[in-house]
Amino acid sequence: MSRAVSRKQIGIQLPSQAQNQTTSERYALELEALAPIGDIIDIRADTPVEFAAGVKDMDAIITSWGLRIDKQVIDALEKCVVIGVGSVGVDMVDIEAATAAGIVVTNVPDVFIEEVADHAMMLLLDMARRTPMMTRMAREEGEWYKARPQLSKVPRLMGQTLGLFAFGNVARCTARRAKAFGMHVIAHDPYVSELTLSDAGVEPVSFGELLDRSDYISVHAPHNEETEHSFSTDAFARMKDTAVIVNTARGPIIDEAALIDALERGAIAGAGLDVLEQEPPDPANPLFAMENVVVTPHVASATTRMRPETRRRVGREVALVLRGRWPMSCVNPTVLPKVPLERWQPY
């Protein structure tokens, strides 16, 4: 007689906007991979303490933009083997605490790469063509014919230098787009070999060279202790006063107070931002009143495909670990040799 395998329990913080749906209806996409092996359990929690109490018996957790899974939550976990993060960034999880607890953390690093690269180029082009100013001048009486002289001061994009801060998946796609516009692309990433950069037709540079030479800088690094406030007063002082910074990564990589000061003083020419240090931001944030700034509300990845495919992918990643296999994407790979998971290769 075959022995029955106990079903796993996967905890998800119940979305605040959840409607009157059954769990199977609400999580249909995640359950495409998880239904054969486990059940998703709604965790109703408004605080980390409540969330920790709700997930302590879970075999897995799926998270995206809910309560942060900090050390307090992780220390409360008694059975959890995997935390599946439904985004590229994983700053909503204490990775160090998860690793120490022997918990695999997965993410979805390649689901919406093209979309974010598109958005980065959109912000760059908006600033290159001074879209906020041009929009105002188009609608204000007497300004129509004054617009062309403004753009006549702006160099054409072809031949300008784009500096990439980090050279991960999004940066590589952004580089391809920029090169199609005739831009020269340089990049700083101490964790990527120079051969990888040169194979992509991108010149490897130091951080100082990135600041000194770039006409546009596009930020693509993860947010951590090493990258927080990488762009602050000293960095802006080294950049060209005609330079523009674009950020589709994480807000705290840029020191926002220093950025505002640099923009107000003319130390740099502009900024295209999809992310801010405080989200949602204070409506009185000075960036919103600046004509040399474009701000979008952390939407770079948003398309019809993004959310459904992200949910399917995080379900597949968690299912792999619950079946005793390595996930396709592991954020903390040093934990893998320490846990009883089998390495596997797709057919």
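**Strands, helices and charged pairs**

Modeller: Let's start with Gly272, whose place is in strand β11; strands (E, at least two residues) and helices (H or I, at least four) are DSSP runs, numbered from the N terminus.

Colleague: Before we go on, what sort of model is this, and what pLDDT do features need?

Modeller: This is a predicted model, where local features need pLDDT of at least 70 and side-chain atom pairs count only at pLDDT 80 or more, while totals for chains, interfaces and linings use all residues. Residues are numbered from 1 along each chain as its sequence is written, and side-chain values use heavy atoms, with hydrogens and water left out.

Colleague: OK, back to Gly272. Buried or exposed?

Modeller: Gly272 counts as buried because its relative accessibility is 0%. The cut-offs are under 20% relative accessible area for buried, over 50% for exposed, and partly exposed in between (1.4 Å probe, protein chains only).

Colleague: Which residues does Gly272 touch?

Modeller: Leaving out residues up to four places away in sequence, Gly272 touches Leu123, Met127, Ile245, Val246, Asn247 and Val294. Contact here means heavy atoms within 4.5 Å.

Colleague: How many bridges hold β6 and β7 together?

Modeller: Five bridges, in the parallel sense, between β6 (residues 161-165) and β7 (residues 184-188). One of the bridge pairs is Thr161 with His184 in β7.

Colleague: What links α6 and α9?

Modeller: A salt bridge does: the side chains of Glu114 and Arg177 meet at 2.7 Å, N to O. Glu114 is in helix α6 and Arg177 in helix α9, 63 residues apart. The cut-off for a salt bridge is a side-chain nitrogen of Lys or Arg within 4 Å of a carboxyl oxygen of Asp or Glu.

Colleague: Why would side chains pair like that?

Modeller: Side chains of opposite charge can pair when their charged atoms come close.

Colleague: Is Arg177 buried or exposed?

Modeller: Arg177 counts as buried because its relative accessibility is 19%. Glu114 is at 37%, so Glu114 counts as partly exposed. Besides Glu114, the residues that Arg177 touches include Ala117, Asp118 and Met121.

Colleague: How many salt bridges does the whole structure have?

Modeller: The search finds 22. Among them, Arg311 and Glu30 meet at 2.9 Å, N to O. That pair links helix α14 (residues 306-322), where Arg311 sits, to helix α2 (residues 28-34), where Glu30 sits, 281 residues apart. Both Arg311 and Glu30 are buried.

Colleague: What other pair links α2 and α14?

Modeller: Glu32 in α2 and Arg312 in α14, 280 residues apart. Their side chains meet in a salt bridge of 3.0 Å, N to O. Glu32 counts as partly exposed because its relative accessibility is 49%, and Arg312 is partly exposed too, at 26%.

Colleague: Switching topic: how many disulfides?

Modeller: The count comes to zero, taking a disulfide as a pair of cysteine sulfur atoms within 2.5 Å. For Cys80, the nearest cysteine sulfur is that of Cys330, 13 Å away. Cys80 counts as buried because its relative accessibility is 9%.

Colleague: Last one: where does Arg44 lie?

Modeller: In the loop between β2 (38-43) and α3 (48-55). Arg44 has 68% relative accessibility, so Arg44 counts as exposed.

How values were computed: Pairing = 2+ DSSP bridges.
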